[in-house]
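Please examine the sequence and the structure shown below before reading the report.

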Amino acid sequence: MTKPYVWINNSLIPSDQAALNVADLTIQRGYGIFDFFKTIDAKPVFLEDHLNRFFRSALFMHLALKQSRDEVRSKILQLIDKN
């Protein structure tokens, strides 16, 4: 069985190669956004609702996002396709 892929630091890599720096605020303070969604036949369910919630959460937390909504959607679809 192959390892699943993940997006980290703007790269699509096997999950067993993913790493986070312990000095990152994400690790030290739990500073981030967590969400998940269901897929059916490799298609995300309610993806636009999840994107709405993600971008609204980032706004409320004053997190500057480097990717646009279209870029995030594209990365999600690439990740689903790769896995």
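The sections that follow describe the confidence, the overall layout and several local features of the model.

## Model and confidence

The structure is a predicted model. The protein has an average pLDDT of 90, and 99% of its residues score at least 70.

## Overall layout

The protein contains 3 helices and 4 strands. Read from the N terminus, these elements follow the order β-β-α-β-β-α-α.

Along the principal axes, the C-alpha atoms fill a box of roughly 35 × 30 × 20 Å. The protein has 83 residues, of which 13% count as buried.

## Helix α3

Helix α3 comprises 14 residues, numbered 69–82. At 1.5 Å a residue, a helix of this length should span 20 Å. The C-alpha atoms at its ends are 20 Å apart, in agreement with that expectation.

The buried residues of α3 are Val72, Arg73, Lys75 and Ile76. They lie on the same side of the helix, because the arc they cover around the axis is only 160°. The face of α3 turned away from this buried side carries the exposed residues Asp70 and Asp81.

The relative accessible area of Ile27 is 42%. Ile27 is therefore classed as partly exposed, since this class lies between the limit of under 20% for buried residues and that of over 50% for exposed ones.

## Loops with positive phi

Asn10 is placed in the loop between β1 (5–8) and β2 (11–14). Its phi is near 65°, a positive value in a residue other than glycine.

Asp41 is placed in the loop between β3 (39–40) and β4 (43–44). Although Asp41 is not a glycine, its phi is positive, at about 50°. Is Asp41 buried or exposed? Its relative accessibility is 71%, so Asp41 counts as exposed.

Key: Residues are numbered from 1 along each chain as its sequence is written. This is a predicted model: local features need pLDDT of at least 70, side-chain atom pairs count only at pLDDT 80 or more; totals for chains, interfaces and linings use all residues. Side-chain values use heavy atoms; hydrogens and water are left out. pLDDT is the predictor's confidence in each residue, from 0 to 100. Buried means under 20% relative accessible area, exposed over 50%, partly exposed in between (1.4 Å probe, protein chains only). Helices (H or I, at least four residues) and strands (E, at least two) are DSSP runs, numbered from the N terminus. The expected span of a helix is 1.5 Å times one less than its number of residues. The arc is that of the directions from the helix axis to the C-beta atoms.
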